[in-house]
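Hello,

Here is the structure I promised to pass on. Please open it first, then read the notes below.

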Amino acid sequence: MDDPDEIAAVFRGTVLDGLLIEEGLGDTWAVTGIEQSQLLPAWRAARAATAETGRWPVLTTVDECWLDAESEQIEALENAARTVDPWTVYHWWGTESLIKPEELPLWLPASLGQDAAEQARRELSLPRTLVAVARWTWERLLADPAALEQAWPRAAPHVGTRSWFTPRDGAQVVLLPTSTQWLAPAWLNYFGATEKAARIELGDDPGRQGLAAAIRQWEQQWGAELVASWGTMLQFVVGRRPALGEQAWQLALQHLAVGGSLQTPPWELALALTRSDAWFLHDRP
């Protein structure tokens, strides 16, 4: 759908009714004038109309710069989303960072008890990578129901939309010229994709390709839907949650890989993901 009047007609009777619809770069349209308290309802209204508009909606700031994507770039991204393994592009920094013996107590939750650090020293050959220490912690928590229950409050702030960002200077719903959400990186800028992804043999833009592949994978596995792109942050709603155990652990590592600025231990994020219907990713300079 390319006519703003037709788009406005589709939105009639929703929270988007009567809002200004302006043309943007790359055959996009932007719905402006959204109240801060209505960001998610506005996105849901536009998402519910995707079958009619043929356009995937994404919340952005009003001054967000997006790309004028060409057909060749979109086609290449579509192919990459179906063929690239995103986890050859994105890696969590904790997979390489070493933890010294004296630093170990800083990375262990109090719920494991005062003897946890000594037990870890006995069972782990230190120094070890942060991900190895975090994995040891995760396995100890799963093996101790009481410790796991005590650890839940640490995860609570990351559940649902509690950590979501709300721009102070307003937001808009950008209607992309595609109903395929994993093609969004062709138009939108996410710092983790455009600046920090590893340069490997994936063509000229591995970060965007890896992000497209990750979004496609998350849609298929978890019913994840991209809601917002705030430059250094991405927000999703999800239809399915990972099971407590290996599913949650692997998904947490994926989030930390794409959201490299998340200040959350993987075991803590894994717990939150088992109870959450929304995700928040963050990667900043």
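**What was found**

In the protein chain, 53% of the 285 residues are buried (under 20% relative accessible area; exposed is over 50%, partly exposed is in between, with a 1.4 Å probe and protein chains only). This is a predicted model: local features need pLDDT of at least 70, side-chain atom pairs count only at pLDDT 80 or more, and totals for chains, interfaces and linings use all residues. Residues are numbered from 1 along each chain as its sequence is written, and side-chain values use heavy atoms, with hydrogens and water left out.

**Overall form**

The protein chain has 11 helices and nine strands. Both are DSSP runs, numbered from the N terminus: helices are H or I with at least four residues, strands are E with at least two. The C-alpha atoms fill a box of roughly 70 × 40 × 30 Å along the principal axes.

**The core**

The largest nonpolar core has 99 residues. Such a core is a set of buried Ala, Val, Leu, Ile, Met, Phe, Trp, Tyr and Cys residues joined through side-chain atoms within 4.5 Å. Phe 11, Leu 59, Trp 218, Phe 236 and Trp 279 have the most contacts inside this core. Helix H10 (residues 246–258) gives the largest share, eight residues.

Take Trp 279. Beyond its neighbours within four places in sequence, its contacts include Trp 164, Trp 218, Trp 222, Phe 236 and Leu 273.

Thr 274 sits in the loop between helix H11 (266–273) and strand S9 (278–282). Is Thr 274 buried or exposed? Thr 274 counts as buried, because its relative accessibility is 15%. Leaving aside neighbours within four places, Thr 274 touches Trp 152, Arg 241, Pro 242, Ala 243, Leu 244 and Ala 248.

**The surface**

The accessible surface comes to about 13,200 Å², and 47% of it belongs to carbon and sulfur atoms. Areas come from the Shrake-Rupley method with a 1.4 Å probe; for residues, only the protein chains shown count as cover.

Trp 93, Leu 106 and Trp 107 make a nonpolar patch of about 360 Å². Trp 107 lies in the loop between strand S4 (98–99) and helix H5 (116–123). Its relative accessible area is 33%, so Trp 107 is partly exposed.

**Salt bridges**

How many salt bridges does the structure hold? There are eight. Each is a side-chain nitrogen of Lys or Arg within 4 Å of a carboxyl oxygen of Asp or Glu.

- Glu 78 and Arg 82 meet at 2.4 Å, N to O. Both lie in helix H4 (residues 71–83), four residues apart, about one turn.
- Arg 140 pairs with Glu 123, with the closest N and O atoms 3.6 Å apart. This pair links helix H6 (residues 130–143) to helix H5, 17 residues apart.
- Glu 139 pairs with Arg 135, with the closest N and O atoms 3.0 Å apart. Both lie in helix H6, four residues apart. Shared partners join Arg 135, Glu 139 and Glu 246 into one network.

Best wishes

Key
Contact means heavy atoms within 4.5 Å. Patches are made of residues with over 30% relative accessible area and no salt bridge: like charges are joined within 9 Å, nonpolar side chains (Val, Leu, Ile, Met, Phe, Trp, Tyr) within 5 Å.
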